[in-house]
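Reader: I am new to this structure. Please show me how to read it.

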Amino acid sequence: MAKAPARASAASKKTASTPSPATNREGPRDPVPYDATPAELEKFYREMLLIRRFEEKAGQLYGLGLIGGFCHLYIGQEAVAVGLQSALDGDKDSVITGYRDHGHMLAYGIDPKVIMAELTGRAAGISRGKGGSMHMFSVEHKFYGGHGIVGAQVSLGTGLAFAHKYRGDGGVAMSYFGDGASNQGQVYESFNMAELWKLPIIFVIENNQYAMGTSVNRSSAEDQLYRRGESFRIPGMQVDGMDVLAVRGAAEAALEWVRAGKGPVLMELKTYRYRGHSMSDPAKYRSREEVQAVRDKSDAIEHLKKLMTDAGIGEDKIKDIDKEIRAIVAESADFAESAPEPELHDLYTDVLVEQY
Amino acid sequence: MMSADTMTATKTMNMIEAINSAMDVMLERDSNVVVMGEDVGFFGGVFRATAGLQKKHGKTRVFDTPINECGIIGVAVGMGAYGLRPVPEIQFADYIYPGLDQLVSEAARLRYRSAADFICPMTVRTPFGGGIFGGQTHSQSPESIMTHICGVKTVIPSNPYDAKGLLIAAIEDNDPVVFLEPKRIYNGPFSGYYDRPVEPWSKHAASAVPEGHYRIELGKAATVREGEALTVLAYGTMVHVVKTIVEELKVDAEIIDLRTLLPLDIDAIEASVKKTGRCLVIHEATRTSGFGAELAALVQERCFYHLEAPVERVTGFDTPYPHSLEWAYFPGPVRIATALTKILKD
Ligand SMILES: Cc1ncc(C[n+]2csc(CCOP(=O)(O)OP(=O)(O)O)c2C)c(N)n1
Ligand SMILES: [Mg+2]
């Protein structure tokens, strides 16, 4: 059985993540949990709840046959995308991820309507129905996708970082990938190039303990994934991915390092997915109890709610946000169901520059 | 067609069960056989093709690999050179590309460059093809990439009985084989009408599968339906689609299921086209440089003076596999009927 992600207890609140083992190499400073204002806590809550409710709705639409094919939900991992992306500079920095991409787009404030419409394959979808759940892009937000091939985005992200440096635009690339993806060869080719060329990139491993039905221990010789960059001299950080403030705090430490021109950082975010790998996965490879234990003990949204209460945000306010989010999600589903399909001739557009 | 030791009881199997049974039989018979791949061991494969095999044959012979296709195929080539008979699974054919270097530059060349000192008796199993709303990265048909390599055999079964016999022959073969499994028909043949209920394999004669060992020789096509009016060349899912349309239109077509693209049963093709004088080639894969182009060229070379109409092709469009509009893309009933009408009029 995989270990449930540990949450730093109140007592150890000082350090949001495990410090790197003592080495004689320099690395980012030890991170501290982000000190959020009540307004920021509300913002995080709104974003994380939007992801969860959106994904629940996507699951329902899938069940109704309105979304076809492959659809990977982000439920359980909300604090990762929200915590990390809140630390980025939306005008400068770029983001790229794999197929489990709805959450990263929502965390960027991209309109849920056009995301949901992409899932249902409609012309009004953000990629005009051509990409589907796994392949979504946004020029405005420097969001470079949404990639179905496991590991591919790590090399692409390294290329984005090269371009940031080449242009001298001060931007950082953030490349997300899974624990399973961390075994692809091109990940290590990318690590080497990124450190060799001191590229401005944060490699983010979202360690949700499973790659489909294969747990980390059954696929990875070094299961402390934040150490995977060591032989390339890339500093690693292991972060509690179920605590949005820990994630945000760690992101700031990593960004300081990268923005100072010191090269890449590898962050391992310990998290958990509550649902099956995709909608067609009955998840027989782990017990119900294991999933329930994480939901009960480590749920990122419940944890954030507590922080909000501690910060004096009232029950009423939280309820209002819940209502507001439900309305946004319902609207996105209505839009995605009623928007028209692409035109037939769209099959042939965008294959190459010229239409042929 | 069956070899002598076939005389075991038969069982009703779908394609997944037949493929599972082939590996089970080979694991039993030959200690050099190992089965490996992503989610293959503990989980039994995303399509359940290896379900139960790890439990029965142990973790050293049926095991999970990390997600690294280049590594999977490369390691299998080394195992094969040392005398094992690896059967790696690539979870979807769309993910074979990271491993293509090992397949092309090593697996397919080892026999040649070592002057047969070393060989690569590896069988790469991989589900392929569309019709399941998989979009770009779960639907592609890369068979003509494989046949273009030189040095790998390419096999595509179209029913449970063939799947088992061909897979056993592939595993026993002393050369690398890419075994492409048409995933749309894992659970039942496909009529091409996506809005009709799926008919289970149990209603089909080819679901009666011997439980023991038997082989279907690689390089032998099967005549699915005899006819005089034209020859239809197809494989995998499209065998069933075209059969449905031919029967609906009451066309006297001879349908040949190629079963192995390389080596190709060119003699069977030649004999049929010389008899009918017309030839229609059907595949799901994109058109340009597709396997249909090779077939059309061969038919033209060998049967030119017998042809009464140009060789026709019905194929996927030259685009990535779409997420929306899958049924507009899929070479289904309308396009097949149109081609049949045209070729018979010419
Ligand atoms: C090259 C390639 N190989 C295999 C797959 C099939 N596949 C899709 S997701 C996945 C598991 C990936 O797990 P992980 O990287 O941990 O990400 P998670 O799904 O947990 O977010 C696999 C094997 C693929 N899409 N691409
Ligand atoms: Mg994972």
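Author: We take a sheet, a contact and a ligand in turn. This is a predicted model: local features need pLDDT of at least 70, side-chain atom pairs count only at pLDDT 80 or more, and totals for chains, interfaces and linings use all residues. Residues are numbered from 1 along each chain as its sequence is written, while chains are lettered from A and ligands numbered from 1 in the order in which they are written.

Reader: In what order do the strands of the open sheet in chain B run?

Author: Strands of a sheet pair through backbone hydrogen bonds, parallel or antiparallel. Here the order is β9-β11-β10-β13-β14 in chain B, with mixed pairing. Strands are DSSP E runs of at least two residues, helices H or I runs of at least four, numbered from the N terminus. Pairing needs at least two DSSP bridges. The edge strands, β9 (222-225) and β14 (312-316) of chain B, each pair on one side only.

Reader: In which sense do β13 and β14 of chain B pair?

Author: Parallel, over 4 bridges. B:Val281 stands opposite B:Arg313 in β14(B).

Reader: How many residues does each chain bring to the contact?

Author: Chain B gives 27 and chain A gives 32. Contact means C-beta atoms, placed from the backbone, within 7 Å. On the chain B side, α3 (69-81) and α11 (326-329) are the elements that give two or more residues.

Reader: Where does ligand 1 lie?

Author: Between chains A and B. Of the 19 residues around ligand 1, those that come nearest include A:Val150 and A:Gly178. Around a ligand means a C-beta atom, placed from the backbone, within 6 Å of it.

Terms used: Two residues are in contact if their C-beta atoms, placed from the backbone, lie within 7 Å.
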